[in-house]
Amino acid sequence: MKMKYLLTIMGLLIVNFSFGQNQEKYSEYIKEAWSFYESKEYKKSAEKYKAAFDQLDGKAYPNDRYNAACSYALAENVENSFYHLLYLAENPNIKYRNLGHISTDADLNLLHSDDRWNKLIEIVKVNKQEYEKDLDKPLVAKLDTIYQLDQSYRRQIGEIEEKYGRDSEEMQAHWKLIQEKDSINLIKIKKILDERGWLGSKVIGDQGNSTLFLVIQHADLDTQVKYLPMMREAVKLGNARASSLALLEDRVSLRQGDRQIYGSQIGRDRETGEYYVSPLVEPEKVNERRAAVGLGTIEEYIKNWNMTWNLKKHKERAKKIESERKE
């Protein structure tokens, strides 16, 4: 399932179809399905996904279908979970190929003991190999390993925090492990960037391209500042996503003591545990800036943290944060 701690790149293709009159109802049911998922009411979540798909005679965006499969699996409805996953893998218009994500997604653990799991994984592998046939395969393999190290431990954050608490020794030890893996990954990514530049998807595939961004996004400030101009140029050349660059721009701005631009960086109150959008430049215009780089609205984005957008409250909190920072 998609994670709220980081951007996990699904690598899914969008199937072109017309929502027609049922677009609004479809979107409404999808939002409800995700809400039930977050509250761990997986059966209700799966039912809402089905209701959404029924609005379009069984059609769906691939990421919604994948999320439905996760809800079905967590609701112990193995049959329907496999139906949606195999649909994604076998449909010639989709050919789901994100082996790294599906093989490490804990939501699907129940499926691993079923014979169909190996069949599914084999199809995904073939899809991945077909897509990568003209790519730099040795480098793709290296980046795939780096991706796994970057993502797999971060996917465990929510579970560990829920079990032991966000300030627990277990959580601190896990973050230390993540930092160790990040430092190893960074050495490898720096070498690639310094020797070959910011390579595009035509050379290293979508996931490989995303891996370059993820490792730099998780690096120290000096490293981010060093490679930020390279990523900006890569976006101009079509070798990196403008939406990913926006996230890096935000993180660098905040770490340098300035306000973020696109609202991608989420803070958390140490005392209350409440999530909030870190201080924004001209928050009234944030959705205009997000749209310009291919990001959805701030209202939709922050739902991943169960927040609602309140402009007045954001301004008050930003003022308080900056006042405390000066003190």
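At what angle do helix α10 and helix α12 pack, and how far apart are their axes? I read an angle of about 10° for α10 (residues 201-217) and α12 (residues 242-255), with the axes 10 Å apart. Axes here are lines fitted to C-alpha atoms, for helices over the stretch in contact, and angles run from 0 to 180 degrees between N-to-C directions. So α10 and α12 are roughly parallel to each other. (Under 35 degrees counts as roughly parallel, over 145 as roughly antiparallel, 65 to 115 as roughly perpendicular, and the rest as oblique.)

Notes on the source. This is a predicted model, where local features need pLDDT of at least 70, side-chain atom pairs count only at pLDDT 80 or more, and totals for chains, interfaces and linings use all residues. Residues are numbered from 1 along each chain as its sequence is written, and side-chain values use heavy atoms, with hydrogens and water left out. Helices are DSSP runs (H or I, at least four residues), numbered from the N terminus.

**Entry: α10 and its partners**

I looked up who makes the α10 and α12 contact (heavy atoms within 4.5 Å). From α10 come Phe213, Ile216 and Gln217; from α12 come Ser244, Leu247, Leu248 and Arg251. By class I get four nonpolar, two polar and one charged. (Ala, Val, Leu, Ile, Met, Phe, Trp, Tyr, Cys and Pro count as nonpolar; Asp, Glu, Lys and Arg as charged; the others, Gly among them, as polar.)

Next I checked α11. The α10 and α11 axes are 10 Å apart, at an angle of about 150°. That makes the pair roughly antiparallel. On the α10 side I find Phe213, Ile216 and Gln217, which meet Thr223, Gln224, Tyr227 and Met231 of α11. This contact has four nonpolar residues, three polar and no charged ones.

**Entry: the cores**

Which residues have the most contacts inside the largest nonpolar core? They are Leu143, Ile189, Trp198, Leu212 and Ile216, in a core of 30 residues. (A nonpolar core is a set of buried Ala, Val, Leu, Ile, Met, Phe, Trp, Tyr and Cys residues joined through side-chain atoms within 4.5 Å; buried means under 20% relative accessible area, exposed over 50%, partly exposed in between, with a 1.4 Å probe and protein chains only.) Two or more residues each come from α7 (137-152), α9 (169-196), α10, α11 (221-237) and α12. The most come from α10, with six.

I followed Leu212. Not counting residues up to four places away in sequence, Leu212 touches Leu143, Ile189, Ile192, Leu193, Trp198, Leu199 and Ile204. Another core, of 20 residues, lies apart from the largest one and includes Tyr66, Phe82, Leu111 and Leu120.

**Entry: single residues**

His84 sits in helix α4 (residues 78-90). Is His84 buried or exposed? I find it buried, at 7% relative accessible area. Leaving out residues up to four places away in sequence, His84 touches Phe53, Arg65, Ala69 and Tyr72.

Ile121 is in helix α6. Ile121 counts as buried at 11% relative accessibility. With residues up to four places away in sequence left out, Ile121 touches Leu99 and Ile102. I also looked up Arg97: 24 residues from Ile121 along the chain, with 9.3 Å between the C-alpha atoms.

Asp105 lies in the loop between α5 (99-102) and α6 (115-131). Asp105 is buried too, with a relative accessible area of 5%. The Asp105 side chain reaches the backbone nitrogen of Asp107 at 3.0 Å.

How values were computed
A polar contact is a pair of N or O atoms within 3.5 Å; within protein, one must be able to donate a hydrogen and the other to accept it, and residues adjacent in sequence count only if both atoms are side-chain atoms.
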